[in-house]
Amino acid sequence: MKYLIANWKANKNLTETNHWLDEFCQNKLTQIKNQVIICPPFPLIVPVYEKLKYFPNFSLGAQDISSFDIGSYTGEVCGKNLEEIIKYVIIGHSERRKYFQETETVLMKKTALALKYHFQPLYCIRNEKDAISEKVNFVVYEPTWAIGTGKNESLDQVLLLRKRLNLKPGIKFLYGGSVNEDNASLYLKSDKIDGLLIGGTSLNPKSFWEIIKQA
Ligand code: PGA
């Protein structure tokens with residue numbers, strides 16, 4: 001079983017999301033054997049959820065979760081708000097660490113709250129120095145230089161990093177960083193890589209579907 005995660009980041013409006021869905025839903029979604037997780041920006045999660053909720057191999061993820069629980073935190077989106085809609089949440093993405101100064105302490109709070117609401121954290125690390133909570137089941141290796149640059153990490157280096165992490169048995173290990181329809185199969189054919197986190201390429205429904213088909 002492979003996990004294919006679309007990270008839309010801060011892209012698309014409602015019209016563009018509906019176009020993406022119209023095009024994507026023309027494919028044979030019922031024939032998918034792997035797990036596909038779409039992570040749109042917060043306001044676009046529900047329209048995607050409404051369209052895909054009847055397909056058991058598709059689920060929704062959030063790109064972030066507040067480090068505060070339910071309460072008076074204007075502007076925040078907390079676990080409770082996402083309950084019933086998402087199953088996964090990206091935590092520790094290098095863009096959150098870099099642009100929003102998210103520290104290990106904040107990431108641990110977010111992880112605890114994700115688990116409280118029964119979401120699976122998709123825990124991103126930049127290298128082997130980033131701490132990983134004992135409680136996460138998904139670790140995503142994303143070297144910063146490979147994100148959005150068109151330069152993907154070699155399979156050998158991804159496997160080397162995985163080895164260095166010394167993950168507990170059962171922990172899913174994924175790769176992300178300039179994955180596209182031409183290089184995805186390189187990672188997908190390895191039984192040591194459980195899936196891919198796909199940014200730019202997932203914005204195009206045709207390209208994302210190509211990757212899903214290869215898995
Ligand atoms: P990219 O982004 O596929 O556009 O490189 C991956 C990510 O940052 O999740």
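A polar contact here is a pair of N or O atoms within 3.5 Å; within protein, one must be able to donate a hydrogen and the other to accept it, and residues adjacent in sequence count only if both atoms are side-chain atoms. This is a predicted model, where local features need pLDDT of at least 70, side-chain atom pairs count only at pLDDT 80 or more, and totals for chains, interfaces and linings use all residues. Residues are numbered from 1 along each chain as its sequence is written, and side-chain values use heavy atoms, with hydrogens and water left out.

**View 1. The start of helix α1 and its buried face.** Helices (H or I, at least four residues) and strands (E, at least two) are DSSP runs, numbered from the N terminus. A side-chain oxygen of N13 comes to within 3.2 Å of the backbone nitrogen of T15 at the start of α1. Further along, T17, W20, L21 and F24 are the buried residues of this helix (residues 14-24), buried being under 20% relative accessible area with a 1.4 Å probe, protein chains only. They line one face of α1, because they fall within an arc of 95° seen down its axis, taken from the directions from the helix axis to the C-beta atoms. Their packing partners are β2 (35-39), α2 (42-52), β3 (58-62) and α8 (205-214), with contact meaning heavy atoms within 4.5 Å.

**View 2. The barrel.** Eight strands close up in the order β1-β2-β3-β4-β5-β6-β7-β8, with parallel pairing; two strands pair if DSSP finds at least two bridges between them. Strands β7 (residues 172-176) and β8 (residues 195-198) are joined by three bridges. Here, Y175 stands opposite L196 in β8.

Note on methods: Buried means under 20% relative accessible area, exposed over 50%, partly exposed in between (1.4 Å probe, protein chains only).
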